[in-house]
Amino acid sequence: MTERRTRKRRTMFERETELATVDEALDQLTGPGPDAGGALLAFSGPAGLGKTTLLAEVRRRAHARACTVLAARGGEQEQSQPFHVARQLIQPQLAGTTDEELRAVLGSWYTIVGPALGLCAAEQGAPPDPQGLRDGLDWVLTHLIVQRAPVALVLDDAHWADPESLSWLAAFAPRAEHLPLLLVVAYRPDELPAHAEAFRTLPGRAGHRPLALAPLTAEAVSTLVRESVGDHADDAFCREAWAVTTGNPFEAVELAVKVRDKGLDPVEASAPLLRDLAAAQRGSGLVARLHSLGPSTVRFAWACAVLGTNIPGELAARVAGLGTEEAVDATGRLRDARILSAAAEAAEPAGPAGPAEPGGRDEAGLEFVHPLIATAIYRAIPDALRVALHGKAAAAVLDAGLGPSAAARHLLETHPENDPWVVRTLREAAGENLRAGAPEAARRQLARALREPPDFDERAAVLYELGCASLLTEPANTVNHLRAALAEPFEDQALRQGIVIRLAQVLSHSDRLAEASESLAREIPHTQDVRARLRLQSEQFMWDAFNAAETDSPARSRRLAKLADRLTGRDLTERYVIGLRAWDACLRGEPVEVVLHHAGRVLETDFSWAYEDRGFEVPVLVAMVHMYADRPGRAEELFEAGTAEFERQGWRGAHLSFAYSLRAYIRYRRGRLVEAEELARAGLGLAERVGRRTPVHWYAIAILVTTLLARGRVDEAWELAREHEYGEPFPSAVVFPDSQTVYAELLLARGQAKAAAAELEAVGRRLTPRGIQNPSWCPWRLHLARAVAGEDPAQARELAADAVRRARAFGAPSGIGQALRVAAEVAPPGPGRVALLEESVALLSASPAGYELALALAALGEDRGDPELLRRAVAAARECGADGLVATATESLRAVSPDRPR
């Protein structure tokens, strides 16, 4: 053991510009007045240029200004451990709180972000989607920042941060300037992963780009050397020290310490020895120096390199196979050699004045003095031995109670050995990560488990779990995994049913609805259990209902009606079938009483939108039939409850986008166009995060375009459609409102009647063979009547009359009123036309369709030349937010009542 030395804070050379920027940012963060605010600072540079030392000084200065400091560091060995960095940032701030206090602090986010942050175990049930989890992490961090302002968040070695944490922080970073937060990041530019590219381009405070650290000049290295060895070091010696270290601060410090410890005379005659001394600090020279410390010390260093950062000494001893005294001795030698230090010391490295006290133990764990040392030692471990050490580390961390996820990162580095324990541990880790919202980590672990390989009778289950983990990120591979699982010989029928249902789901979400139906159809005849068979049938009925290209829709409708009418709704599967029957009846235009009867049977007991093993499609369809049946209030009640369930589950991507967009459509149908536009834009914003030309994106654009047309903003609707490539090819899945019909309505509003007619005729050819005849669901006949009225008025009247007849058969006043209004529009002037409009106004006045009523009032008022009706039309249109209709109805009013314009 060496004599204890007094530790001093490291002198920093030639970082005045960077520190001035830090001080300026801290002044603004902590200063009074309206100009106070946050900032983003990013420092980049190759290894050894002093990023860690600079960030340690940032933390010190932030502490001195009474800032709350959140600090984390990426680790080369921990990159595969999800949320490793996020946990470093947030866990210490919540340390010591009870579960009850945590629930109070996190509120509804507790079950969403708690497992990801290691604050609680994941509950059984469907995990949050990636966007929901990211929103939750945003909320938690924002809450901490506001509660503990001002805050400095410091992330070192960001290039080694786990993907889950880094992608989240990269997305969060732009908020820094709008919060009492200084966010400081340091990284090696050549190693920054793609999901963190935002850190290269995000402007920091006052428009700064990432600040690149420069090597030290010869003058700075000379000063550094003289501070360490004495002012008598001559110029030639100092110049050679700069040359052999290329101005790298870490290498210069280490070289100066080595010169002092060896008692080398710092004169020109000794300069040739510096190159060998410098080489001993890196690469093969470092490895040779390590081996000179003895075999047990080498094994201990290797074990620490495998374990990564913040290394518990007892764990390293077990991995190295050393006893307690041997481990203490090895730790002392490695600290004397400036290879290891206590974790707290590594965060703020010792300077030339000397290392901290060697030997002993530290509750904070051990760290390598610099990541360059850790990397060099790790890469020097013989390949076979490195694999074996990772295997020992996996067992050690699991025995230490650190959990399967901590063990799994080591098992990913081992070779397959047909070990059931490895498969079991990886599956457990994948389950934890999947429930915590890290499906990519789960996918890696299950893929490795598959290579182990699992036992013969376990392989199908692993393939199924792998398919579930890759569902969102790799749908094509998910299909392959699930089909491979089905090809395995196994007896578990419940597992087989789960695989088939999941396969159908991923095929459907990949716009391969016919394949989804076929996969279910192949399985149904071979399913002996009656209830299991009914479940598969319900899934097939659902995906067939969404398949716009289904070939035998009428036959499927008959089978569905026959089955649903004899079911009692005794379990969830039966209620799903009955719900599909209600939707099918609505599309086919069966009487509204029949539709509501079946919907009511479904809703006799609670009908959740978030069952773990079910989609949300049927609950949505059941809610929507109420809108088409002129019960929008009930539809909104169901949507509000379903949206709340989505938010509680952390489903804030596609699920929430669907909910917002369809609620917007309900508001549109009620004539509340301003609210409809707000909700539709919210739905589109969420859909954009999911991806363009996905089903949720089609819904969002269709509903927003429809709303903008109703508000009279045709040009804006057209630009929106062009921006989002809304047009052919239209999706193969059923969308409501129908995408092609909405596109035709847009063309018609732009005066392109022939193009609109061609699109609408195509809609008719697509929907009519399927038996989808309800104009309340898709008014393509009414739009086509308007499109052809100029060139073929007889066809227009025939189309409108057919729509009126079908609307009456369905029986919803709003649908009948709309059909009558269009029938009047294409009818010749005269008493018959007025009678159609009068009936339309009467029906719409008794319906919830406020916008349709305003249209009918305007048409009737203009036809009669009745100022009072036109005033009612203007008032109704203004209440709806239909600005275009307000303008045209006002012009009509001026024409018939010039003395009393509105």
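A crossover is right-handed if, with the strands pointing away from the viewer, the path from the first strand over the helix to the second runs clockwise. Helices (H or I, at least four residues) and strands (E, at least two) are DSSP runs numbered from the N terminus. In this predicted model, local features need pLDDT of at least 70 and side-chain atom pairs count only at pLDDT 80 or more, while totals for chains, interfaces and linings use all residues. Residues are numbered from 1 along each chain as its sequence is written, and side-chain values use heavy atoms, with hydrogens and water left out.

**Strand S3 and its neighbours**

A right-handed β-α-β unit is made by S3, helix H7 (residues 163-172) and S4. Two strands pair if DSSP finds at least two bridges between them. S3 pairs with strand S2 (residues 68-73) in the parallel sense over six bridges, and five bridges join S3 to strand S4 (residues 181-187), again in parallel. Leu155 of S3 is the bridge partner of Ala72, and the partner of Leu155 in S4 is Val185.

Buried means under 20% relative accessible area, exposed over 50% and partly exposed in between (1.4 Å probe, protein chains only). Six of the six residues of S3 (residues 151-156) are buried, so the strand is largely enclosed by the rest of the structure. Both of its faces are covered, with Val151, Leu153 and Leu155 on one side and Ala152, Val154 and Asp156 on the other.

**Aromatic pairs**

Rings of Phe, Tyr and Trp (its six-membered ring) pair if their centres lie within 6.5 Å; planes under 30 degrees apart count as stacked, over 60 as edge-to-face and the rest as tilted. The whole structure holds 18 aromatic pairs. Two of them are tabulated here.

| Pair | Centre distance | Plane angle | Class |
|---|---|---|---|
| Trp583 and Phe736 | 4.9 Å | 50° | tilted |
| Phe616 and Phe658 | 5.5 Å | 50° | tilted |

Trp583 lies in helix H29 (residues 572-588) and Phe736 in the loop between helix H36 (714-723) and helix H37 (739-749), so their pair ties together parts that are 153 residues apart in sequence. Trp583 is buried at a relative accessible area of 2%, and Phe736 is buried at 1%. Phe616 lies in the loop between helix H30 (592-602) and helix H31 (617-628) and Phe658 in helix H33 (residues 654-670), so this pair ties together parts 42 residues apart in sequence. Both Phe616 and Phe658 are buried. One aromatic cluster includes Trp583, Phe616, Phe658 and Phe736.
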